[in-house]
Amino acid sequence: MNGCLVLAATPMGDVGDASERLRSALGTADVVAAEDTRRTRHLASALGVTITGRVVSFYDQVETTRLPALVEDVAEGRTVLLVTDAGMPSVSDPGYRLVAACVERDLPVTCLPGPSAVTTALALSGVPVERFCFDGFPPRKQGPRRAWLETLRTESRACVFFEAPHRLADCLEDAVDVLGGERRGAVCRELTKTYEEVRRGTLAELAEWAADGVRGEITVVLEGARPVAARPEDLVAVVEQLVADGARLKDACADVATAGVSKREVYEAVLAARRS
């Protein structure tokens with residue numbers, strides 16, 4: 001019988017978000033590795049599920065020491081279910097190292113999809129999120145945090161990240177200074193819970209709102225930077241480099257076109273430069 005590591009998303013607040021596959025896995029797994037064993041037992045009870053397998057704690061401080069035994073459980077044919085307090089394991093929660101260790105041993109790993117604060121906040125944010133990046137938690141100290149925000153100054157993708165409630169006001173104040181008060185975003189608080197709240201607006205408005213203090217689990221979404229208009233001739237060298245790397249000319253022109261400069265204008269500028 002083949003063993004398997006199973007990553008399972010758990011509800012962020014509303015127990016009704018638990019999938020049937022999670023219910024089944026909690027009741028049948030040989031081993032349940034839980035970030036907080038008490039919360040996992042409470043979840044199982046709320047779902048009407050009896051955990052029959054061995055339950056072990058698996059949080060940041062014990063992750064490394066627990067790895068060898070859990071990997072051996074999988075190698076010996078057992079199903080190991082990994083759950084965190086809320087959302088998807090490995091996303092700013094324990095899990096990555098266990099997955100990597102199983103992959104290194106060529107052991108099966110699968111996932112039971114479900115709730116995620118990242119995608120939920122993106123969907124609720126009200127800003128364009130066709131392309132986005134996830135940055136976990138920002139640095140705690142102001143200097144490194146402002147340096148991190150500098151990397152987002154020209155980032156065209158929306159950025160989603162978590163923040164502790166007692167650091168949110170300082171983080172948003174720094175974001176106003178670095179990114180400008182007119183950049184838009186959303187602060188999502190207590191997603192799927194009783195006091196869920198989504199505050200949308202400019203960074204200046206969000207910083208003013210957060211100054212009085214905010215409670216609960218926080219997920220923030222920042223609008224991507226808007227493209228800066230350029231002259232078509234300024235983009236010729238970039239296009240030619242893409243072509244040299246193997247791109248088709250028309251595709252390269254489309255890739256570098258920005259607000260105020262169409263791909264046709266870029267294409268014509270490249271042809272003009274080649275003629276000259």
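1. **Basis.** Residues are numbered from 1 along each chain as its sequence is written, and side-chain values use heavy atoms, with hydrogens and water left out. The model is predicted: local features need pLDDT of at least 70, side-chain atom pairs count only at pLDDT 80 or more, and totals for chains, interfaces and linings use all residues.

2. **The sheet.** Five strands make an open sheet, ordered β3-β2-β4-β1-β5, with parallel pairing. Strands are DSSP runs of E, at least two residues; helices are runs of H or I, at least four; both are numbered from the N terminus. Two strands pair if DSSP finds at least two bridges between them. β3 (54-57) and β5 (109-112) are the edge strands, and each pairs on one side only. From one strand to the next, the twist averages 25°.

3. **Inside the sheet.** β2 (residues 31-34) pairs with β4 (residues 79-83) in the parallel sense, over four bridges. V32 has L81 of β4 as its bridge partner.

4. **Helices on the sheet.** Helix α1 (residues 20-28) packs on the sheet and touches β1 (4-8), β2, β4 and β5. Its direction makes about 125° with that of β5. Helix α2 (residues 37-46) also packs there, touching β2, β3 and β4. The direction of α2 makes about 140° with that of β3. Contact means heavy atoms within 4.5 Å. Angles run from 0 to 180 degrees between N-to-C directions, and axes are lines fitted to C-alpha atoms, for helices over the stretch in contact.

5. **α6 with α7.** Helix α6 (residues 142-150) packs against helix α7 (residues 168-179) at about 45°, with the axes 9 Å apart. The two are therefore oblique, a class left over once angles under 35 degrees (roughly parallel), over 145 (roughly antiparallel) and 65 to 115 (roughly perpendicular) are set aside. From α6, Q142, R145, R146, L149 and E150 meet D170, C171, D174, A175, D177, V178 and L179 of α7. These residues divide into five nonpolar, one polar and six charged. Nonpolar covers Ala, Val, Leu, Ile, Met, Phe, Trp, Tyr, Cys and Pro; charged covers Asp, Glu, Lys and Arg; the others, Gly among them, are polar.

6. **α10 with α11.** The axes of helix α10 (residues 249-256) and helix α11 (residues 263-275) come within 8 Å and cross at roughly 125°. That makes α10 oblique to α11. L249, K250, C253, A254 and V256 of α10 make the contact with K263, V266, Y267, V270, L271 and R274 of α11. Here the division is eight nonpolar, no polar and three charged.
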